[in-house]
Amino acid sequence: MQGFLGEERRGAVLNALRTHEGTCSRDYLAAARSVLTELVAVPELIQRLPLLRKPGGYTRNLLAGNEAVSVWAMVWGEGATTSIHDHHCSCCFGLVAGTLSETWYRAIDAKRAMATEEHARQAGYVACMLPTGPNIHRMQNRGPGEAISIHIYGYDHQLQESSIETEYVAVAG
Ligand SMILES: [Fe+2]
């Protein structure tokens, strides 16, 4: 299995994620939150890894994965932005370094969404989202400098390309 973490830590992370009841259970989300809280508390552990970087864009670096979850370090160059999207699986993330702007959207129809709120997520921030409910968002690094985040998704990276369910186009409110 690919991964930047040592085998021992990789195994510890996957064990700690208690996926035996799936990746949408309250138990799992609490476990994912505590794994992320521990990882963002030691930013140097992630920062010293040979993570890929892409100026102006973002990269996904697989840290650990099994048939239930995949854990990624994402490096966000200044100006990097995701599409407006929602997820087909649970999505938990934590900020290791830098700041990301997270904009939330409300779907207007199957393809269009309107921004409802925006938050600056600082290093140390941790969030968990379920695939159901209003969870359409966009992440952006407006700088200064790069940002690094860790994402834990409830999907098998060997079977699915990404956690994205639907991409939307923004409409003005
Ligand atoms: Fe997302």
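Cys89 touches Thr23, Pro131, Tyr153, Gly154, Tyr155 and Ser163, leaving aside residues up to four places away in sequence; contact here means C-beta atoms, placed from the backbone, within 7 Å. This is a predicted model, in which local features need pLDDT of at least 70 and side-chain atom pairs count only at pLDDT 80 or more, while totals for chains, interfaces and linings use all residues. Residues are numbered from 1 along each chain as its sequence is written.

Cys89 sits in the loop between strand S3 (84-87) and strand S4 (91-97). Helices (H or I, at least four residues) and strands (E, at least two) are DSSP runs, numbered from the N terminus. Cys89 is buried because 23 other C-beta atoms lie within 10 Å; the cut-offs are 20 or more for buried, 12 or fewer for exposed, and partly exposed in between, with C-beta atoms placed from the backbone. Its C-alpha atom is separated by 8.3 Å from that of Glu165, 76 residues apart along the chain.

Helix H2 (residues 26-40) has buried residues Tyr28, Ala31, Ala32, Val35, Leu36, Leu39 and Val40. They fall within an arc of 160° seen down the axis, so they line one face of H2; the arc is that of the directions from the helix axis to the C-beta atoms. Arg26, Ala30 and Thr37 are exposed on the face turned away from the buried side. The cover over the buried residues includes helix H1 (7-16), helix H3 (43-47), S4, strand S7 (126-129) and strand S9 (147-153).

Strand S5 (residues 99-107) runs antiparallel to strand S6 (residues 112-122), joined by nine bridges; pairing requires at least two bridges found by DSSP. Four residues lie between S5 and S6 in this hairpin. S5 also pairs with strand S8 (residues 136-140), antiparallel, over five bridges. Glu102 stands opposite His119 in S6, and its bridge partner in S8 is Met139.

Methods:
Two residues are in contact if their C-beta atoms, placed from the backbone, lie within 7 Å.
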